[in-house]
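Biologist: Put the model on screen, please. I have some quick questions.

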Amino acid sequence: MATSAAVIGERQDVRRRTARIKRGLDAGMLAGIAIAVIALAVGVAISGISARYFFQPTSMLIVVGGTLGVMLITTPYPMLLHSLRRTAHLFSKPDRPDREKLIEEIVGYARVVRVQGILAIEPELERVSHGFLRDALLLAMDSKDHNELQSALESKIRLCERQSEAAARVLEVAGGLTPTIGVLGTVVGLIDVLRQFSSLSAVASGVGAAFTSTFYGLALANVALLPLAHRIRAWTSETFELQELMTEGALCLFDGTHPRLVRQRLCSYWNAGPDPDRSVSVEPAPEALHS
């Protein structure tokens, strides 16, 4: 077990380095941000208000600084760093393996295991397409019984879910409080306006400037923080489905399930469903392969 854990650690480091090199930017994410910013800018331009009017350093300081302070208050520092890293990863193009190819890959391993046993797939581990599947196969080779393997894989999935939910929750809490911080900035601006009540022109200008804090708070919450929290949850949901598919595949390999049955069970995790031609194919019996 200790040796396998060390191997898992080494291979995870290699995958992380490779991911940093190969993964590009997520075009959909960047397009969404661009559309939101352009829509706000065009709306401001149509209103006839100068864009320079919205650049209020005091308002920015209150909203951004207040939001950061709230995040530090509500979230332990390690969890905050984890949330920021998870948010930064959203801008990278996500690794979405082809489920059909993934199923066929697992079925190929099932053919080997059916004839030669679970340890026969060890030379193939370096070519496994997905990190979670590689770890699941290593655990399958080290586990003593079905329940032990299932428990280990489910614990791994739950840990990933908890970490993602915690990261999303940090952004969600900040997004819920940011508009209120913007209102506080507006109150500060109005107090400053009341000090100059003798000059009507100064009051008119100051009231408009005071409400930029509310604008900043609403924009930061509804264009950035809350959408990012939902994005993390959506990506977690998709990852969970893939991990369930790979967990089912690893359990099938451990049990020595027939490849045709493996494909049928895994196709339930694929929205397009099984290919009728493939679902009726009959795999050769182990005895025939030996003969």
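Predicted model: local features only at pLDDT ≥ 70, side-chain atom pairs only at ≥ 80, totals over all residues.

**Salt bridges**

Biologist: What do the side chains of E165 and R233 meet in?

Modeller: A salt bridge, at 2.8 Å from N to O. The term means a side-chain nitrogen of Lys or Arg within 4 Å of a carboxyl oxygen of Asp or Glu.

Biologist: Which helices does the E248 and R265 pair link?

Modeller: First the contact: the side chains of E248 and R265 form a salt bridge, 2.4 Å from N to O. E248 is in helix α9 and R265 is in helix α10 (residues 259-266), 17 residues apart.

Biologist: Is E248 buried or exposed?

Modeller: E248 is buried, because its relative accessibility is 17%. R265 is partly exposed, at 36%.

Biologist: Which residues do shared partners join into one network?

Modeller: E165, R169, E172 and R233.

Biologist: How many salt bridges is that by this rule?

Modeller: The count comes to eight. One of them is between E124 and R127, where the closest N and O atoms are 2.7 Å apart. E124 is partly exposed at 30% relative accessibility, and R127 is exposed at 57%.

Biologist: New topic. How many helices and strands does the chain have?

Modeller: 12 helices and zero strands. The chain has 291 residues, and 35% of them count as buried.

Biologist: Pockets next. How much space lies in the second largest pocket?

Modeller: About 630 Å³. A volume is the space filled by probe spheres set on grid points, which are joined across faces, edges and corners. The grid is 1 Å, over protein atoms alone, and a pocket is an open set of points where a 1.4 Å probe fits, with protein on both sides within 12 Å along at least five of seven lines.

Biologist: And what lines that pocket?

Modeller: 25 residues, with Y216, A219, L220, V223 and A224 nearest its centre. Lining residues have an atom within 4 Å of a point.

Biologist: Which helix gives the largest share of the lining?

Modeller: α9, with eight residues. Helices α2 (27-47), α3, α4 and α9 (212-255) each supply at least two.

Biologist: What classes are the lining residues?

Modeller: 23 are nonpolar, two are polar and none is charged. Ala, Val, Leu, Ile, Met, Phe, Trp, Tyr, Cys and Pro count as nonpolar, Asp, Glu, Lys and Arg as charged, and the others, Gly among them, as polar.

Biologist: Now the surface. Which residues make the nonpolar patch?

Modeller: L68, L72, Y77, L81 and L84, over about 480 Å². The elements giving two or more residues are α3 (57-74) and α4 (77-89). α4 gives the most, with three. Patch residues have over 30% relative accessible area and no salt bridge; nonpolar side chains (Val, Leu, Ile, Met, Phe, Trp, Tyr) are joined within 5 Å, like charges within 9 Å. Areas come from the Shrake-Rupley method with a 1.4 Å probe, and for residues only the protein chains shown count as cover.

Biologist: What about L72?

Modeller: L72 is in helix α3. It is partly exposed, at 46% relative accessibility.

Biologist: Last one. Where is C267?

Modeller: In the loop between α10 and α11 (276-279). C267 is buried, with a relative accessible area of 6%. Its C-alpha atom is 7.4 Å from that of I103, 164 residues apart along the chain.

Biologist: And P259?

Modeller: P259 lies in helix α10. It is buried, at 2% relative accessibility.

Note on methods: Residues numbered from 1 in each chain as written. Heavy atoms only, no water. Helix = DSSP H or I, 4+ residues; strand = E, 2+ residues; numbered from the N terminus. Buried < 20%, exposed > 50% of the residue type's maximum accessible area, 1.4 Å probe, protein only.
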